[in-house]
Amino acid sequence: MSMERETDELLRLERKPEVFLPADGAMEAPAAEFVPGPYYMSADERIPEVADENSRPDHGMAAVGGVTPSEGTTASQTVVDRRDILRFFSAGALMSATACVRRPAEKIVPHVRQPRDHIPGVPVVYATTCGECAAGCGVLVKTREGRPVKLEGSPEHPISQGGLCGMGQAAVQGLYHPERLKGPHVRHGRRHDPMNWDDVFQQLASALKDKKKIGIFTGGSTGHRHQFFREVLERLGSDASRLYTYEANGLFASVARAHEIAFGQSDLPRCDLKKAQVIVGIGSDFHDVGTSVVYHTKGFAQSQPFRGGSRGTFVQFESHLSLTGSRADIRHVIAPGSETHTALILLRSLYEHRASRGSAAARTQVRRFLESYDKVIAGAYQESGVSRELMDKTAEELLNAPSLVVAGGSASADENSTLLQLVTIMANVLTGAYGSTLMMENGWQPSPVKVGDLGRFLQEAPELDALFVIDSNPVFTVPESWGIRSLLEKIPLLVSVQPFPNEVDQIADISLPAHHYLESWGDEQPVAGFWSARQPAVRPTTDSRQAEDSFLWLLAYMDLSLPYKDYRSWLMDKWRRIYHLVGTRSDFETFFKAVLRRGFVGKPGSRTVGELRDLRSYFRELRPVPRGLILTAPLDSRFQDGRSAHLPVLQEMGDRLTTIAWDSWLALSPETMRKMGLRQNQLVKVRGGEQSFDVAVFPLPGLHAASAVIPRGNGHLNQMSTISYQNGVNPLVAFAKKEDPLSGQPVTASLSVELMATGDWYRLAAMQKQNDIANRSDIVKKVSLTQARKNQHKQVDLDTVPDLYPALEKKEYRWGMSIDLSKCNGCGACMVACSLENNVPQVGREQILLGREMHWIRLDRYFYGPVDQPVVTFQPVMCQHCMHAPCEAVCPVFATTHDPEGLNAMTYNRCVGTRYCANACPYKVRRFNWWTHKWGVIGSKATDRNPRALNPDVTVRTRGVMEKCSFCVGRLRDAKHEAKKEKRTVRDGEVKTACQQTCPADAISFGNLNDPDSQVSRERRDSRAYLMLGGDPEHGHYGLKTLPGVSYLAQVTLEEHPATGFGQRAGNHGHPAAEESHGAHDGD
Amino acid sequence: MLQQFWFLLLLALSILVCLVLMPPSTDQSSGYQYKPFIMWTPGDHVNDSTQNEVTYGYHPDQPLPFSHKLHAGDRDIPCQFCHSSASKSTVAGIPTVETCMGCHNYVNTDAEPIKQLKESFDKKKPIEWTRVHNLPHYVRFSHQVHLRARDSKGELLLGKTADEVCMACHGPVKEMTTASQYAPLQMGWCVDCHNRIREPATESKAAVPFAPVNCNVCHY
């Protein structure tokens, strides 16, 4: 081979996206002799007709984006001698070795004046309030040398209780996002020109001079923010009523509106799930998005999972599989759009049950209501597909214990959504939930939005002279048919004030970059009377100003100054009222400092709520259940309405039910797909709505046959954000301008659509492949409640395994972890926390398709039972830190070794990248750096991630190095050093791994296994404990005998539950033909 | 054939260069005795014109002619008076200008460097020192643990006084004008100490090293 040809071919090879792409087949070929087991990961293991037979890398991928087929085929045709490559690479390596020089000189820049209490190298932690959604969780911001590196839920804060969701965790990436505007911009046609703040304010001041009709459109907030905006509007000569608040999560508006109708209080009741033993959800989504996801998950985790011989029951009725539904003990699939009808029949069953509660007056109201709508309810059984016996049993469950009914979510955001809440209120009156599990009189949840503002905005917008859009993206989050874009374009002066540029900035005349919440002052009132303060944890990272401060500046330029020098001083003025309410003896300054230190203060308010009112008249408008295939667009549990879609860590986390990252998909019931002749990854055109669009289909078990689900949040058309631009599709374009008449929220569900195969294919980047569980029973385990109760006091010893290895040496510590599969709700916060703590790179869709995701902790999910009504198990899997680790034995350079404290250590600088360890690892947790993830490129998307967001305590890995979970060894070191200082050992619970710390469900515990009293030791001895791939020790099978440091607690299921015949279903797993149908599910 | 020739030539060349660059070997049998070597560092030059003394190792030019000899040696100021975070944090910390000005508001105010210092303090412009001891990015070293290391009797392990502990690794700083790298800061040098310093053997127990030597003590 001539030199020229060699270089030519190598150059060609470099241009290829993939050098190592296998040419001869799919990445994961199915096992030759596949025996279906009780668990499955993909619907096509049950219904092979829906499998994507084209998912070979060289076949069938349409040029929709990403890997194109032509490139795949040519790569496989290129024949390059492996030795030539090696020769070339070794020559290159030597050349670089000869040119070795000392590292460039580094500068150390100490402070001129040291800030008080600041020690270099020691983190400073600030308490603040999360600003990603309106829930108002308390967070602790860990800063290193003045820059936030990690967010953690504040353990003292009663809302977050130490937990934080994935979106909250990811906020730190939003702070340093390189695409935040660097300063104010003015739009000239399609060009956005930078401008300085002085000029912008002058221009704004002159433009607004004689204008009186100025409006503000903003997102939800429970704090003082809206009050400030109203004051500003009045000062500007406009009217306070021109403040329009809107949240895409319609639950706030519908619940608040329903309570206004029923009790005259436009607030949300606080759901105290930790007191509820029985929860019935009707299309509820409190684990996905809800109104306060961490608070609800914390409550759920305290009442529902198995503990001390008892556990709660959660029954969910829903049309598609949600994270919430996947946690249900008993899950009934109902027809999409029939949530209100289901609630109606539940109400009737509750009322007719002799144990039902409620005052005489309230019962009279319910009786009258039921009498008036007798016919509707009689037909509802048919509509929803739920039998009367089933509902009677559910009602009985509800009335036997402290319970509540939670209904509604983004998947049922149709025209009935407020009616659904009204029925739920009546049901909860009958269960006696108000006052015990639903707090309306004592510490309720104030509504972050004012009901009906969107409709009001549509009416008043054409007359506005100027509009400020603050922290809100109505162009994207309201369906296009509502014409928000053209409405905004017609406003003479449109100013967008956003921390991250969104679709509004593209049409705004002036863009004023606002502070990220980590740079802002503010407050929230997550529970009435309970205030959570927000303070900046970092100096502004770009030339932005806080939205409120921008207004103060503007007023000053217009000679209308308010007597405050900044928003903080305005806020402190308001806090004086809180200071008096709380009534402490210290002076205000001390009080305010103490609040900032702790993050919150307050005394939950109390009031009396009136009797249930007559609700009959509202139900005249009850819409019937729609027919045909129904499109639903629920909020994405990762980034809700798409507000955080620009954060790569959330995109890469992937949806936890489909495991698809970086995309949108249309989830269909596998059975429906089979009937329609569709296969996974096939592109279909969704028609029947306002606009049709193409999307790839994915078979998801647990869906109603008539349900088609596309999560919203992706499909941005905002060119200012590389990450979210044209990533996935936006299903909202299909929805016509319809609203829920009572709450005014846009309808984003219950749309009849048709699907038409386009003949094209699009590979969805699903992270969990199928067919590799090989029918093993020791990967996920399940026990029935009876069995768990029986074995409650039994103890197991997982560490006594007969083998030929020498006995383990007993040291001071042996670190171990225990994960309760009963508690894990698959929210994925652990994945985000781990990525941010350990500088795990995001690789992008193309690399995920090749199986090269880098997550140190992944969330596997398994289905069990029939495809239309599966039981879902989530299993976080990280490095198992085996005592007899297969990876350690095969490493030729001792890059992975065993630490005397039970950790499986990975030494990056030793690793030469043979990848033997990854081959040897039975848990598939080792990740190889195929590239030096430059913190600058995500897949094919070139975006410069800010290296300041990296954790300085963890090495950034380079190409050719293997990496994996380290049990957050940096945190362990810190804890041990602290303990050493105080001459003691590390206390149980003192050190928390990043995943454990953030877990809103408290599913993960971590500690010293050599301390018999530590929580993790106790959980390892629990009768439910098992080791992954550890066989069945009870029967003398010890599996791989790897002796992992991670143990799992088997999921407890209600196998024998009388209401559903759950045991029957669980028995005949795996054979869709043999399933019994029990009313809940029956085609379209 | 031609390719192989080039390949071998390159190989030979690189081995040669590596041999030239390699530090002289050390005598492991009688404990660790580090022999400092002059390192070729492009862009930096050994500046021995001011104090007329021979300096070893890496010692780049600094923005101010700060003398450790004068402060720590002649004036006997404890190390941690300025590097105050050494016992509290992973890093020893470079003193702030404010720390310097604590004394230099009154001491030697007429000297040229002190005027520069004062200017930096008044203008709030920090001084950009050049880092001398620079560990690779994949090494985690904590000053506080080493400073606090004590044996079972409660005696400091690495020296009799706190300053001696510092000098165990940083060398005779009290005699240095500009700080220079004394130890090679390579893994062999670290591990040697971790292995050598042991709890004395008793009848029942063999000598145990105080410091761990497993990889993830420093690499994570």
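Is B:Gly188 buried or exposed? B:Gly188 counts as exposed, because 11 C-beta neighbours lie inside 10 Å and the cut-off for exposed is 12 or fewer. This is a predicted model.

**B:Gly188 in its chain**

B:Gly188 belongs to helix α8 of chain B, residues 187–196. B:Lys123 is 65 residues away along the chain. The C-alpha atoms of B:Gly188 and B:Lys123 are separated by 44 Å.

**Where the chains meet**

Chain B puts 41 residues in contact with 40 residues of chain A. Five elements of chain B each give two or more residues to this side: α1 (2–21), α4 (97–104), α5 (112–122), β1 (129–130) and α6 (143–148). The most comes from α1(B), with seven residues. By class, the side of chain B that touches chain A holds 18 nonpolar, 17 polar and six charged residues.

Strand pairing also links the two chains. Strand β2 of chain A, residues 107–108, is joined to β1(B) by two bridges. These two strands run antiparallel. B:Thr130 in β1(B) is the bridge partner of A:Lys107.

**A helix pair in chain A**

Two packed helices are described by the angle between their axes and the distance between the axes. Helix α7 of chain A (residues 251–263) packs against helix α14 of chain A (residues 417–431) at an angle of about 55°, and their axes are 8 Å apart. That angle makes α7(A) oblique to α14(A). The crossing is right-handed.

From α7(A), the residues that meet α14(A) include A:Ser254, A:Val255, A:Arg257 and A:His259. On the α14(A) side, A:Gln421, A:Leu422 and A:Ile425 are among them. The residues of this contact divide into six nonpolar, five polar and one charged.

**A barrel in chain A**

Six strands of chain A form a closed barrel in the order β24-β29-β26-β28-β27-β30. The pairing is mixed. From one strand to the next, the twist averages 45°.

A:Lys685 stands opposite A:Met756 in β30(A).

**Strand pairs side by side**

| Strand pair | Bridges | Direction |
|---|---|---|
| β2 (residues 107–108) of chain A and β1(B) | two bridges | antiparallel |

Technical notes:
Residues are numbered from 1 along each chain as its sequence is written. Chains are lettered from A and ligands numbered from 1 in the order in which they are written. This is a predicted model: local features need pLDDT of at least 70, side-chain atom pairs count only at pLDDT 80 or more; totals for chains, interfaces and linings use all residues. Two residues are in contact if their C-beta atoms, placed from the backbone, lie within 7 Å. Helices (H or I, at least four residues) and strands (E, at least two) are DSSP runs, numbered from the N terminus. Ala, Val, Leu, Ile, Met, Phe, Trp, Tyr, Cys and Pro count as nonpolar, Asp, Glu, Lys and Arg as charged, and the others, Gly among them, as polar. Two strands pair if DSSP finds at least two bridges between them. A residue is buried if 20 or more other C-beta atoms lie within 10 Å of its own, exposed if 12 or fewer, and partly exposed in between; C-beta atoms are placed from the backbone. Axes are lines fitted to C-alpha atoms, for helices over the stretch in contact, and angles run from 0 to 180 degrees between N-to-C directions. Angles under 35 degrees count as roughly parallel, over 145 as roughly antiparallel, 65 to 115 as roughly perpendicular and the rest as oblique. A crossing is left-handed if the near helix is turned anticlockwise from the far one by less than a right angle, and right-handed if clockwise.
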